[in-house]
Amino acid sequence: MTSGVAPRVLRGRRAERAVLERTVADVRAGRGRALLVRGEAGVGKSALLQYVAGRADGARIARAAGAESEMELPFAGLHQLCAPMLDRRDRLPDPQRAALAVAFGDAAGPAPDRFLVGVAVLSLLAAVSEEQPLLCLIDDAQWLDSTSAQTLTFAARRLLAERVGLLFAIREAAAGPEWRGLPELRVDGLPDEDARALLDSAVPGRLDAQVRDRIVAETRGNPLALLELPRGLTAAELAGGFGRPDARPLATQIERSFEQRMRSLPEPAQTVLLAAAAEPLGDAGLLRRATRLLDLPAGAGAPAEAAGLIELGSRVRFRHPLVRTAVYRAASPAERRDVHRALARATDAA
Ligand SMILES: Nc1ncnc2c1ncn2[C@@H]1O[C@H](COP(=O)(O)OP(=O)(O)O)[C@@H](O)[C@H]1O
Ligand SMILES: [Mg+2]
């Protein structure tokens with residue numbers, strides 16, 4: 001489960017790719033590795049995790065992603081990561097297996113000992129890696145529930161000779177104590193040349209050189225900003241009049257741009273976006289049932305797809321988590337209530 005859409009070409013990033021390649025090579029060679037891929041929203045962390053997934057021939061990929069709406073649910077993130085591996089739990093010693101069962105709600109009991117859950121996760125990852133190297137890609141780690149973050153970083157600090165890699169993408173603002181001291185790959189904006197090339201690929205027609213340099217400077221090479229912010233500019237601005245420098249933080253500017261794009265859509269499409277934003281799991285069937293309960297016609301979401309804000313495939317995927325944030329933030333409390341009610345009823349109906 002990734003957020004965002006993988007770029008067709010990853011521009012630049014030679015140094016970053018080299019670090020990732022080395023990490024994967026170490027894992028294959030039986031040197032367990034943990035890595036925090038750290039940087040601001042839109043800088044390309046998910047794209048780099050996707051790059052790893054593409055370089056992992058013969059390895060097993062396990063994924064999880066933190067979700068803002070699940071931060072209060074203990075072990076939600078860990079469960080996402082581990083659920084597909086649970087067929088291996090019979091390899092674990094009884095106390096570890098019991099701790100996992102309680103953590104994941106498969107057995108009743110008092111809250112399990114955190115240490116035991118951490119050890120159990122480590123054993124589970126190790127058991128899986130006996131068959132093939134295991135790369136765990138955990139996106140948006142800033143939104144992991146705290147028990148999952150603690151358990152996974154516990155495991156990350158104890159990887160030794162297992163063929164296990166734990167790679168986390170995390171926004172830089174999020175820096176709880178559990179993340180401290182783990183190896184980091186800092187991701188900054190693209191260098192000017194790569195940024196210019198990405199910008200040119202995003203803007204139809206020729207871009208005035210001064211405007212281009214200015215956008216590159218103001219976005220500090222942030223790929224999402226490069227792809228998104230020019231959309232808010234008129235043809236005249238793109239041709240050279242790009243005016244007022246914008247003092248707002250980049251993430252806010254990007255969110256505003258997504259919000260404008262959303263507001264230009266027909267109302268039913270906006271409602272579909274809001275319902276999708278309120279539904280954390282990307283469950284397409286659930287979203288379809290909810291939109292029916294909201295009396296929206298089939299295909300109501302198509303304009304939002306055409307605008308590139310969301311993919312409504314077998315899973316629902318926002319173009320970037322900032323789209324979700326922008327959509328949710330832009331809605332009124334009453335609008336949010338309506339979609340939450342529809343989602344709740346759609347869940348019951350399943
Ligand atoms: N090196 C790159 N070359 C081309 N496009 C990129 C690159 N890095 C990121 N992108 C694109 O920029 C957008 C934001 O990247 P993403 O990985 O989602 O950022 P983050 O996960 O850090 O918020 C995505 O559309 C992604 O495809
Ligand atoms: Mg991301």
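Reader: How many Å separate an oxygen atom of ligand 1 from an N or O atom in the side chain of His 320?

Author: In this predicted model, His 320 belongs to the residues that come nearest to ligand 1, a group that also holds Arg 11, Gly 42, Lys 45 and Ala 47. A pair of N or O atoms counts as a polar contact within 3.5 Å. For an oxygen atom of ligand 1 and an N or O atom in the side chain of His 320, the distance is 2.6 Å.

Reader: What percentage of the accessible area of ligand 1 does the protein cover?

Author: On its own, ligand 1 has 560 Å² of accessible area. Around the ligand stand 22 residues, which divide into 13 nonpolar, four polar and five charged. The share of the ligand's area that the protein covers is 95%.

Reader: Which elements give two or more residues to the shell around ligand 1?

Author: The shell draws at least three residues from each of domain 1 (14-186) and domain 2 (192-247). The elements that give two or more residues are α2 (45-54) and α9 (223-228).

Reader: Where in the protein is confidence lowest?

Author: The protein averages a pLDDT of 91, and 95% of the residues score at least 70. Confidence is highest in strand β3 (residues 134-139), at 98, whereas the lowest value, a mean of 68, falls in helix α10 (residues 235-241).

Definitions and conventions: Residues numbered from 1 in each chain as written. Chains lettered and ligands numbered in written order. Predicted model: local features only at pLDDT ≥ 70, side-chain atom pairs only at ≥ 80, totals over all residues. Heavy atoms only, no water. Near = heavy atom within 4 Å. Polar contact = N/O pair within 3.5 Å; in protein donor to acceptor, adjacent residues only side chain to side chain. Areas by Shrake-Rupley, 256 points an atom, 1.4 Å probe, with all protein chains shown as cover. Helix = DSSP H or I, 4+ residues; strand = E, 2+ residues; numbered from the N terminus. Nonpolar A, V, L, I, M, F, W, Y, C, P; charged D, E, K, R; others polar. Domains from an automatic or database assignment. pLDDT = per-residue confidence, 0-100.
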